[in-house]
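I opened this notebook page to record what I looked up in the structure.

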Amino acid sequence: MKIHAVKRENDDLIFTLKKHYCPYCNERLEKIKTETVVNSDSEEAKNYDFSNGDGFYTGNVKFIKTAFRCNKCGKTYNIKEVKDSEKH
């Protein structure tokens, strides 16, 4: 599959620089990158932002996002999930 563009996303840079703990087992979370390739014409595309400042990416776009993983229990969380768990 040919990749036509790459878009890096981090919903909250300051938040990702701080220490966070697993909501399930309380182990310290490791910051990781997740990669997903989405075609701009697919049904899944409605869940992604294809804008690039000058217009929109088209074709197969690789989205690289920051996430968190717990090495103890193996769970992976996106930024929103960690934020929500820390509010409670």
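**Entry: Lys 7 and its partners.** I looked up the side chains of Lys 7 and Asp 49 and found that they meet in a salt bridge, with N to O at 3.4 Å. Lys 7 belongs to strand S1 (residues 5-9) and Asp 49 to the loop between S2 and strand S3 (60-69), so this pair ties together parts 42 residues apart in sequence. I note that the model is predicted. Lys 7 counts as buried because its relative accessibility is 14%, under the 20% cut-off. Asp 49, with a relative accessible area of 40%, is partly exposed. Lys 7 also forms a salt bridge with Glu 9, the closest N and O atoms being 4.0 Å apart; Glu 9 is buried, as is Lys 7. I then traced a network of salt bridges that links Lys 7, Glu 9, Asp 49 and Lys 65.

**Entry: Glu 30 and Arg 69.** I recorded a salt bridge between Glu 30 and Arg 69, whose closest N and O atoms are 4.0 Å apart. This pair links distant parts of the chain, with Glu 30 in strand S2 and Arg 69 in strand S3, 39 residues apart. The count of salt bridges comes to eight.

**Entry: nonpolar cores.** The largest nonpolar core has eight residues, including Phe 15, Leu 29, Phe 68, Tyr 77 and Val 82. A second, separate core has six residues, among them Ala 5, Ala 45, Phe 50 and Val 61.

**Entry: surface.** I found a nonpolar surface patch formed by Met 1, Ile 3, Val 6 and Val 37, with about 350 Å² of accessible area together. Val 37 lies in strand S2 (residues 30-39) and, at 33% relative accessibility, counts as partly exposed.

Key:
Residues numbered from 1 in each chain as written. Predicted model: local features only at pLDDT ≥ 70, side-chain atom pairs only at ≥ 80, totals over all residues. Heavy atoms only, no water. Patch = residues over 30% accessible without salt bridge, like charges linked within 9 Å, V, L, I, M, F, W, Y side chains within 5 Å. Areas by Shrake-Rupley, 256 points an atom, 1.4 Å probe, with all protein chains shown as cover. Helix = DSSP H or I, 4+ residues; strand = E, 2+ residues; numbered from the N terminus. Buried < 20%, exposed > 50% of the residue type's maximum accessible area, 1.4 Å probe, protein only. Core = buried A, V, L, I, M, F, W, Y, C linked by side-chain atoms within 4.5 Å.
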